[in-house]
Amino acid sequence: MSTPAATAGDDRVRTRSATATFFGMPAVGALIGAIALAVLFMAVAPAFRSVDNIGTILYSSSTIGIMAVFVALLMIGGEFDLSTGVAVTTAGLAAAHSAWWFNFNVWVGVLISLLLALAIGAFNGWLLHITKLPSFLVTLGTYFVFWGANLAVTRIVTGGVSSNAINDMAGFNSAHAVFASEFSIGPIDIKIPIVYWILLTLAVSFLLLRTKYGNWILASGGDSAAARAVGVPVVATKIALFMGTGFAAWLLGMHTLFEYNTLQSGTGPGYEFIYIIAAVIGGCLLTGGYGSIVGGSIGALIYGMAVLGINYAGWDVDWLRTFLGVMLIAAVLINMYVKRKADA
Amino acid sequence: MSTAIDHKVSGDVVPVLELDQVGKSYGNVHALRGVNISVKPGEVTCVLGDNGAGKSTLIKIIAGLHQHTEGVVRMDGEAINFSSPREAQSKGIATVYQDLALAPLMSVWRNFFLGNEMKKGFSLDIPQMKRIAGEELQKMGIVIPDLDRPVGALSGGQRQCIAIARAIYFGARVVILDEPTAALGVKQSGVVLKYVTKMRDSGLGVIFITHNPHHAYLVGNHFVILKLGRLVLDAHRDEISLDQLTAEMAGGQELAELSHELRGSEPAGSEDAAAADAVQEEIDHSLFRPDAADGK
C-alpha cells in the first residue's frame with residue numbers, strides 16, 4: 001500500500017482548449033467591450049478616427065486608469081474604497097496648502113502630501129481591521145470626513161474654494177516637469193500621466209501575477225480565513241492595498257495640481273465610482289479573489305473613449321453617465337457569461 | 001469506562017508533541033479542560049468526539065490560531081505557546097482544516113504554494129511550482145492535467161488530497177486532519193484513509209480528528225475521546241475493540257438504551273398504530289426527560 005497503483009488519472013477533469021483558456025481570462029469581457037466601442041465610435045464620429053486624438057483619449061483614460069489599477073488590486077484583495085475620489089483632491093490640496101502657508105519649496109509640499117496620502121490609506125486599512133466593519137462603511141465614513149475637510153481647510157487657508165496658485169514658488173518647474181509635462185511621438189501628444197499609467201499597469205500586473213505578494217492578495221480576497229491559516233499576513237496585506245490606493249491618489253493629485261497650478265476644493269466626489277466601474281468592467285468580482293489589473297486599465301480606456309467619443313459624435317455629454325451605467329451592466333453580464341463558458 | 005491516563009508506552013518512541021493538562025477558557029466558559037495527549041512519530045492519534053466536544057478548540061490551540069490558558073504544550077520536550085499559525089507551521093505543525101483552507105477561485109498550483117511561494121529572482125518560479133505540485137499530487141494518486149484550474153472546480157476528495165499533499169510537502173512533522181472524511185463519499189474516504197496510513201508509515205505524527213469511530217479504528221494507533229471539553233477515554237489500540245470504541249463514543253449506556261428502543265419501534269408487519277404510538281412516546285419520554293427514564 002506504500003505506492004499507489006499506476007495512477008490512471010481522473011478523466012473527469014480534462015485539459016481546457018486554448019480558446020477556453022483565453023476566454024477564461026478575467027479581462028476578456030473588457031477587451032471585447034473596448035473593441036466594440038472603438039468600432040462604434042469610429043463609425044459614427046469622424047474625429048475619433050483621427051490619429052491626433054489618440055493622445056487626448058489616452059490622457060482622459062490615464063486620469064482614471066492610474067487609480068483604477070490600484071482599485072482593481074484592492075478589489076481583488078476583497079476590499080472596497082469609496083474615499084479614492086476625494087483623496088485625490090485631499091492629496092493635491094495638502095501639497096498646495098502646506099507649500100503656500102509655510103512658503104516651502106513645493107517639493108516639501110509634495111512629500112507631505114505623499115505621507116498624508118499613504119497615512120489615509122493605512123488609516124482606512126487599520127480602521128477596517130479593528131472595527132471588522134465592511135470596507136464599504138469604513139471608507140464611506142472617511143470619504144465624507146475628507147470631503148468636508150477639503151472644503152473647510154481650504155476656506156481657512158485661502159478664504160475661498162480654490163487653493164492659491166503656486167506656479168511662482170521654488171521647485172514648481174521641476175515638479176511640473178515630473179508630474180505634468182508632455183511630449184510628442186509623431187502627431188500624438190503624450191502627457192506624462194499616460195506613461196505613469198502604462199508603467200503602473202505593467203508593474204502592478206506583474207506584482208499580482210508573478211510575485212508571492214500577488215498570491216497573498218488573491219488569497220486574502222478569495223478566502224481570508226484560508227489565507228491566514230497557511231500563514232499569509234492578511235491584515236498587513238490589506239493595509240498595504242489601501243496604501244496603494246493612497247499612493248495613486250497622491251500621483252493623480254500631484255498631476256492635477258501641477259497641470260492647473262490651483263485646485264478646486266469641491267472636486268473629487270463622484271470619481272470613486274468611476275474607478276470602481278473601470279475595475280468591474282475589467283473583470284474584478286465585488287466579492288474579491290478574482291480580477292485583472294490589465295482589465296481595470298481597459299475599463300479606464302473604455303471610459304476615456306466614451307467621454308471623447310460621445311463628444312466627437314456630437315451627442316449631448318449629459319448622456320455620459322447613462323452610457324457608463326449601461327456599459328457596467330453589460331460588462332458584468334458578459335463577464336458572467338464568459339466565466340460560465342470557461343468553467344464548463 | 002476506562003479513563004486510564006497513563007499511556008501505554010509503545011517502544012521507546014519519544015512523543016513529538018505532548019499536551020499536558022491543557023485547557024482553554026473563553027471568559028467564564030471552559031471550552032477545554034485537563035487534556036493530555038501525546039503524539040508520537042509514526043503513529044495515528046485519533047481524537048473522537050461529538051459536535052461541541054471541544055475538538056475544534058483543541059485543533060486551534062495546536063495549530064496556533066488560539067492560545068491555551070491552562071497546562072503546557074510541549075514539542076520535543078520543550079514548552080511552546082504559538083502566537084500565530086505561521087509560527088506553528090515553522091515548527092512543523094501542519095493543519096488540514098475541514099474547510100481545507102484553499103481559496104476556491106485560485107488555481108491548484110497557487111493554492112499548493114500559498115504562503116510558501118518559490119522565487120526565481122524577482123519573479124515566481126511558476127514552471128517549477130507547477131511541476132512540483134503536479135508530482136506531489138500524482139504521488140497521492142490524483143492527476144490534474146490542468147493545474148491552472150481553480151480549486152473550486154475540483155471534487156471534495158481532490159481538494160482534500162491537495163491540502164494533505166501540501167502539508168506533507170512542506171516538511172510537516174505533525175499533521176492535524178480535521179474531519180477529513182466528514183464530507184466525502186465512501187470511496188473517497190477510503191482514498192483519504194489510505195493517505196493517513198501513508199503519512200504514518202513515513203514517520204509523521206498524525207492527529208486524526210473525526211466523529212466516525214469506524215474510520216478512526218481503521219487507521220488509528222491511539223484513541224482519545226473528548227466530551228464536553230474533557231478527556232473521557234484514552235486508550236491504545238490493543239486496549240480497546242471497535243465495538244467498545246463505538247460504544248464509548250456514543251456515550252456507552254445511553255446508546256444501548258437508545259438502540260433497544262429504536263429496535264422496538266420498527267413496525268413488525270401488522271403492528272397496530274396504537275402500539276407504534278406507545279413506542280414513540282416512550283422514546284420521546286426517555287430522550288427528553290433522561291432523569292425520569294433512569295428512575296424506572
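Modeller: Two strands pair if DSSP finds at least two bridges between them; strands (E, at least two residues) and helices (H or I, at least four) are DSSP runs, numbered from the N terminus. This is a predicted model, in which local features need pLDDT of at least 70, side-chain atom pairs count only at pLDDT 80 or more, and totals for chains, interfaces and linings use all residues. Residues are numbered from 1 along each chain as its sequence is written, and chains are lettered from A and ligands numbered from 1 in the order in which they are written.

Colleague: In what order do the four strands of the open sheet in chain B stand?

Modeller: Strands of a sheet pair through backbone hydrogen bonds, either parallel or antiparallel. In chain B the order is E2-E1-E4-E5, with antiparallel pairing. Strands E2 (29-39) and E5 (78-80) of chain B each have a single partner strand, so one side of each lacks a neighbour in the sheet.

Colleague: Over how many bridges do E4(B) and E5(B) pair?

Modeller: Strand E4 (residues 70-75) of chain B pairs with E5(B) over three bridges. B:Arg74 stands opposite B:Ala79 of E5(B).

Colleague: How many residues of chain B are in contact with chain A?

Modeller: Two residues are in contact if their C-beta atoms, placed from the backbone, lie within 7 Å. Here 32 residues of chain B contact 28 residues of chain A. Helix H6 (186-201) of chain B is one of the elements that each supply at least two residues to this side of chain B; H6(B) gives the largest share, four residues.
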